[in-house]
Amino acid sequence: MSRISGDEMYAFIAALYPICRSITGNGVRATLEQVKQYIPLSVHEVPSGTPVFDWTVPKEWNITDAYIKNADGEKIVDFQHCNLHVVNYSVPVKQKLSLAELKPHLFTIPQHPQWIPYRTSYYNETWGFCLSHQQFLQLHEDEYEVCIESSLTNGNLTYGEYLLQGETDEEVLITCHVCHPSLCNDNLSGIAVATMLARALGQQQRRYSYRFLFLPGTIGALTWLASHEAQVDRIKHGFVLAGVGDKGHLSYKRSRQGTAAIDRVFAHVLSRSGNAYEIIDFSPYGYDERQFCSPGFNLPVGCFMRTPFDRYPEYHTSADNLTFVDPQSLADSLATCFQVCSVLEDNLTYMSLNPKGEPQLGKRGLYRPIGGTPPPDGVDGLVLLWVLNLSDGQHSLLDIAERAKCNFADVNEATKLLVKHGLLQQCEERVR
Amino acid sequence: MSRISGDEMYAFIAALYPICRSITGNGVRATLEQVKQYIPLSVHEVPSGTPVFDWTVPKEWNITDAYIKNADGEKIVDFQHCNLHVVNYSVPVKQKLSLAELKPHLFTIPQHPQWIPYRTSYYNETWGFCLSHQQFLQLHEDEYEVCIESSLTNGNLTYGEYLLQGETDEEVLITCHVCHPSLCNDNLSGIAVATMLARALGQQQRRYSYRFLFLPGTIGALTWLASHEAQVDRIKHGFVLAGVGDKGHLSYKRSRQGTAAIDRVFAHVLSRSGNAYEIIDFSPYGYDERQFCSPGFNLPVGCFMRTPFDRYPEYHTSADNLTFVDPQSLADSLATCFQVCSVLEDNLTYMSLNPKGEPQLGKRGLYRPIGGTPPPDGVDGLVLLWVLNLSDGQHSLLDIAERAKCNFADVNEATKLLVKHGLLQQCEERVR
Amino acid sequence: MSRISGDEMYAFIAALYPICRSITGNGVRATLEQVKQYIPLSVHEVPSGTPVFDWTVPKEWNITDAYIKNADGEKIVDFQHCNLHVVNYSVPVKQKLSLAELKPHLFTIPQHPQWIPYRTSYYNETWGFCLSHQQFLQLHEDEYEVCIESSLTNGNLTYGEYLLQGETDEEVLITCHVCHPSLCNDNLSGIAVATMLARALGQQQRRYSYRFLFLPGTIGALTWLASHEAQVDRIKHGFVLAGVGDKGHLSYKRSRQGTAAIDRVFAHVLSRSGNAYEIIDFSPYGYDERQFCSPGFNLPVGCFMRTPFDRYPEYHTSADNLTFVDPQSLADSLATCFQVCSVLEDNLTYMSLNPKGEPQLGKRGLYRPIGGTPPPDGVDGLVLLWVLNLSDGQHSLLDIAERAKCNFADVNEATKLLVKHGLLQQCEERVR
């Protein structure tokens, strides 16, 4: 783990940044191709028109160029400078219009006059341009030429999938959305962290299987769920990765279940990180946890973020750029994910083999030789006693860490020591 | 609802104010006769001596006149001026006494020297007078003549009942006590609000049946329960109305069950009213909820008040008069009751017909066309998502409103919209 | 109860103070012999080498003398002055050493330079001396003679037991440790309070049987448990008595179960004492509750203390002497234990014989004759109503006291009054 630096993730984000992504099309394909440089991703193509629950896979959208020219033929808005300039999924257009005719197709952010907004129109065939409010205010009566060289045709929806098989078929689902164009935190950060987490977990022994999905938002999650309904029961834990590169505090949004193991593990890890953090109750607005937590699935899937999306003004604007994310935050997010997975892996239940009274730790060298001093030496002695006291087959190591108010890692270490000394035995059943 | 004004209730209270009521007798009959001007009340008469559980219906009490004269023949205390002057249920008396002999029969409130207290002696045959402490201090050694022209004879206990049949036989029980003489808040306010609520509900479609009882306190509730034991299981919700005309904040005292639907509904409605309010735990002292919540019945019946009776000094004194209640407070109390009944009526459980993933709201015009802006437009979009997410047949609309932290009315409106679009179906079973 | 004064317990402590106790040996025997002056204790001897779960009863340790002499032949450390000077369970030694050779065998408390620490080495055969840091600093290069006249031989572990048979075989277990030498609060205070509590309970009628154990810490508890496994199911409640003589506030450490009746009873009694108190969650470090609450037993046994042992610096030092405990604190601790036992005894469940509506209290003289005054007269009237309302066979008197937020004693008194009037009947089943 320690060798994966934030710099590598940051460089990966920088490489992905220029690509114009959408929920379908070549931008997603190019992105997944780059993910493949780190992990052996399978890329799936699902044809336009495929029904997925209440939805239908849309036509595939691609774009090569777009601009607005003034009467002097100057490009005053140019897709080549920034792909946010075009409303994502705009239909092709080439025509001349007056300013009055143009205005309904323009989107700006008056509160942040230098930023270009990000807008989409996936399921409503129209076209539009996004520009800074500064640019907008300079427009005057003129004849404008608008041109969008895009295509909206039968094609495919593309997503990436990577299954890291573990000792069991029980799965941890980790997903990120890959449909946003040049926006760094939302969600090149999620793509980068998911990729590097997958690579790191691939180098470890794993009790769980880990399924990584790189999905177009909403329709991608629905498409995967629709074609994998029979196997969703394998998913025992999961989280969505989104907005994990900004400099804000760590946040975790609970699953709809609210008290699932994944919810408790994130709460434990974040609460003991020593840094500011936030635990947010589930709500049905947000990222793809909306789909995984829909009532027909109700999967134990939360969402891991840094600053929640509705709290930073740079969200869905050109200000979510390469200066908005930083290597250190990315590394911190990745380390947290890895720690969460470690807790999931190690969260087993044990049975004390000397349940009646305490075992004699002294004769095993696990207790100080001269008695009478107040509490046990350091926290370790007390953790040993907690593990012995609660290992009755009913308490997982996380239960013990929560009740003893100590770090899972310390409980896990104490457990290993006690197993080594023949004082504990792992229970066969899987932990809740 | 909006056409029922506080003025009408206030005028009704003013008309009822002069009547000398008690737990039996013509005062109750005259009161119920006036209620009949608004709703078709049935009036029931239960003979003295009828056993009701541990109690017996007492003799009927009536009174025509009472006074204390001084030796000069001046009436210094006169029932005709204020019916509180006589201890309610005083036996007839006509005799001359010294001041020393008279004093044990006199009741005053030294802390409020201008107010006349209200006292009763229903089950202990005696007589007495209540007077202001000012009057009391002016008494000097003299020969006094006391006269109470009352009768205490075998007769009847009288109560009023009005059943508004709904689509089902499941009942909401709404009661008020009608036994207090000239006291406005306690409980002409309850009588007025109950009457107007009954009239208003009568003009609505109703899922529930509503049973209104106008009862002499304690013995009236016991008498009704004793003669209707076989049907109390129909009562699914209920509340007692008492002290709902003063200018203080709204209060609701929970049923003995504590988490009954009626308890949750009042808590929801009061907490979202925007005004100060109070939720009070059940205790076995108070109004007739004491009987409905006795362990042998344990009905889900709370008590709706404004200022709790033990918090205002005017309680059970002549200061609880027509200036102590006001039309606006009465209207607010009535509107709250009506709103509570509306929530009870609409608190059903639904099942999403597209439980796997979110349904596509956009194609139904239920979602904004241009995506990418932060949260859904207004609160409505989020409420739609909450209703869809929690409509799994396990959550009532109140459950959803509580979890989504929004108004029941908004949840109900969103539900109707989703039903109209074929996205939700009502579950057959009745909601808890 | 009132006749047992703190002075008697203080004098008892003073008599026990000089004895050099350990986990085995004549000090324990002498101590139990003194307890016998108050209660007819049975004394049990368990041979060295007896296996008890993961442990073995150790050799018996006795000591007659010990000292350190300097080269001038002066005793600079002398067991006859204070038995804490010898590390408890030191093996016999007689030899001459340099200061450098001596130092590893010396223990002091630098933060409290005048106090002698208490140290033990039960399961690691070694020897040592404890002295004040002041004494230690005066040591200089010299030839020292150390002498410990102790014996560590096959013998017995000794403990005392006293069963007060009650009407039923269900037991309340009350234990204290008897293994510490001249330390007053820890735990001559526990021995004194346990002894006087046993004597007092012996003079009462008892529903429960009370088992008092005077045990060497840890190994004594394990030894008793190992030889009484078949009967531990009888133990329905219990507490360990330790450190109950200091001037600090009362503390109760919950059992591992956390919500056992004993935990609720102590919380009730302490919270209503009117004095500062503390309720501490269970943790697996402390006194013999560690053994009783080990996962294989998980008995409802808490620990009653005054200042918790890890909060006073005098703990396990010579400063825990006769000035550290006082008669008043001892009397307060004893009275609290007695009150807890009274609540356990009286915590039954009753059934109202008039569950439908309230019974008519007035005709039984249990209610004021003139009605209309605000709440019932005094708290008693309300307590009567609470007991009647909650006596449905599902609520114990403690449940009622907790919900009514009043003293158990008031609830109990109201219950007796209602039973006397034929309004309540005790349920046959035993209360949780």
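**Chains around an axis, and helices within a chain**

Mentor: Let us begin with the relation between two of the chains in this predicted model: chain B is superposed on chain C by a rotation of 120° with 0.0 Å of shift along its axis, and the RMSD of that superposition is 0.0 Å. This is the relation of a three-fold axis. Within chain B, the C-alpha nearest that axis belongs to B:T259, and it lies 13 Å from the axis. Turning to the other pair, a rotation of 120° with 0.1 Å of shift along its axis superposes chain A on chain B, with an RMSD of 0.0 Å, and in chain A the C-alpha nearest the axis is that of A:T259, at 13 Å from it.

With the placement of the chains in mind, we can look at where they touch. Between chain B and chain C, 25 residues of chain B are in contact with 23 residues of chain C. On the chain B side of this contact, α6 (219–227) and α8 (289–292) each supply at least two residues, and by class that side is made up of 13 nonpolar, seven polar and five charged residues. The contact between chain A and chain B takes 25 residues from chain A and 23 residues from chain B. Here α6 (219–227) and α8 (289–292) of chain A each give at least two residues to the side that touches chain B, and the residues of that side divide into 13 nonpolar, seven polar and five charged.

Helix α5 (residues 184–202) of chain C and helix α9 of chain C have axes that come within 10 Å and cross at roughly 45°, an angle that makes α5(C) oblique to α9(C). The crossing in which α5(C) passes α9(C) is right-handed. From α5(C), the residues C:S189, C:A192, C:V193, C:M196, C:L197, C:A200 and C:L201 meet C:L330, C:S333, C:L334, C:C337, C:F338 and C:C341 of α9(C), and the residues of this contact divide into eleven nonpolar, two polar and no charged.

Helix α9 (residues 327–346) of chain C also meets helix α7 (residues 261–271) of chain C, their axes coming within 10 Å and crossing at roughly 125°. These two helices, α7(C) and α9(C), are therefore oblique to each other, and α7(C) passes α9(C) in a right-handed crossing. Here C:V265, C:F266, C:H268 and C:V269 of α7(C) meet C:T336, C:Q339, C:V340, C:V343 and C:L344 of α9(C), in a contact that has six nonpolar, three polar and no charged residues.

Finally, a word on how a chain is divided, taking chain A as the case. Chain A is split into domain 1 (6–58 + 156–346), domain 2 (60–153) and domain 3 (349–426). The centres of domain 1 and domain 2 of chain A, taken over C-alpha atoms, are separated by 30 Å, and 17 residues of domain 1 of chain A are in contact with 17 residues of domain 2 of chain A. On the side of domain 1 of chain A that touches domain 2 of chain A, the residues divide into seven nonpolar, ten polar and no charged.

Conventions
Residues are numbered from 1 along each chain as its sequence is written. Chains are lettered from A and ligands numbered from 1 in the order in which they are written. This is a predicted model: local features need pLDDT of at least 70, side-chain atom pairs count only at pLDDT 80 or more; totals for chains, interfaces and linings use all residues. Copies are superposed by least squares on the C-alpha atoms of residues with pLDDT of at least 70 in both. Domain bounds come from an automatic or database domain assignment. Two residues are in contact if their C-beta atoms, placed from the backbone, lie within 7 Å. Ala, Val, Leu, Ile, Met, Phe, Trp, Tyr, Cys and Pro count as nonpolar, Asp, Glu, Lys and Arg as charged, and the others, Gly among them, as polar. Axes are lines fitted to C-alpha atoms, for helices over the stretch in contact, and angles run from 0 to 180 degrees between N-to-C directions. Helices (H or I, at least four residues) and strands (E, at least two) are DSSP runs, numbered from the N terminus. Angles under 35 degrees count as roughly parallel, over 145 as roughly antiparallel, 65 to 115 as roughly perpendicular and the rest as oblique. A crossing is left-handed if the near helix is turned anticlockwise from the far one by less than a right angle, and right-handed if clockwise.
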